[in-house]
Amino acid sequence: MNKLTVKRITIIALLAAILTVGRIAFAMIPNVQPNTTILILASFVLGPAQGLLLAILSTITTNLFLGHGLWTFGQMFAWGLIAVMSAYLGRYRHKIPWLLLTIYAGFCGFLFGFIMSVLFGGIIMQKFWPYYLASLPFDLNHAIGNVVFFIVLYKPLLYVMENYINKDVSQKAAFE
């Protein structure tokens, strides 16, 4: 695991601020925000521990504006899981076709919704299927938004992060 240097803490704080502003800016479109995509790309470079930290921090700061509740814990868990999965996938991102990574970003939109449905529809309300089926249009919005943001942000954001966070572009995320 990489050391949590002042530079890394600054980058995580900056990314958390970008995620917060991005989510608030798109709040009027249900479940469409750049958060999941930026979190995926940042986790590719930062690694699992720092990706998880970014997921938790950005959820807390965003919900300061949009409202906290039990869903905050579900969001932290869902985005945290996506960050950790993405960090491990990020080790092989240079070998995986861009189209598959784009499909993965869309899948993460459905995964996020599924996790929230399990936590709220299944555990809290004891009515998983109605909750999950009602959430599918919103999950589809999330998935489509992720794909669009991934297409737009993949190359420029990874270029900046690889060149300024990990100086060596051939370095496999934050694992070496």
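Trainee: Are Glu 162 and Arg 93 buried or exposed?

Mentor: Keep in mind throughout that this is a predicted model. A residue is called buried when its relative accessible area is under 20%, and exposed when that area is over 50%. By that cut-off, Glu 162 and Arg 93 are both classed as buried.

Trainee: How far apart are the closest N and O atoms of Glu 162 and Arg 93?

Mentor: The structure holds one salt bridge, and Glu 162 forms it with Arg 93. The pair links distant parts of the chain, 69 residues apart, with Glu 162 in helix 6 and Arg 93 in the loop between helix 4 and helix 5. The nitrogen and the carboxyl oxygen of a salt bridge must lie within 4 Å, and here the closest N and O atoms are separated by 2.4 Å.

Trainee: What is the handedness of the crossing of helix 3 and helix 4?

Mentor: Helix 3, residues 48-66, packs against helix 4 at an angle of about 150 degrees, and their axes are 8 Å apart. Helix 3 and helix 4 are therefore roughly antiparallel to each other. As for handedness, their crossing is right-handed.

Trainee: Which helices each supply at least two residues of the nonpolar patch?

Mentor: The nonpolar surface patch amounts to about 930 Å², and its residues include Trp 98, Phe 110, Ile 144 and Val 152. Ile 144 is found in helix 6, and this residue counts as partly exposed because its relative accessibility is 48%. The helices that each supply at least two residues of the patch are helix 5 and helix 6.

Trainee: What value does phi take in Asn 31?

Mentor: Asn 31 lies in the loop between helix 1 (6-25) and helix 2 (35-46), and its relative accessibility of 29% is why Asn 31 counts as partly exposed. Most residues other than glycine have a negative phi. In Asn 31, which is not a glycine, phi is instead positive, near 65 degrees.

Methods:
Residues numbered from 1 in each chain as written. Predicted model: local features only at pLDDT ≥ 70, side-chain atom pairs only at ≥ 80, totals over all residues. Heavy atoms only, no water. Patch = residues over 30% accessible without salt bridge, like charges linked within 9 Å, V, L, I, M, F, W, Y side chains within 5 Å. Areas by Shrake-Rupley, 256 points an atom, 1.4 Å probe, with all protein chains shown as cover. Salt bridge = Lys/Arg side-chain N within 4 Å of Asp/Glu carboxyl O. Helix = DSSP H or I, 4+ residues; strand = E, 2+ residues; numbered from the N terminus. Buried < 20%, exposed > 50% of the residue type's maximum accessible area, 1.4 Å probe, protein only. Axes fitted to C-alpha atoms, helices over the stretch in contact; angles between N-to-C directions. Parallel < 35°, antiparallel > 145°, perpendicular 65-115°, else oblique. Left-handed = near helix turned anticlockwise from the far one by under 90°.
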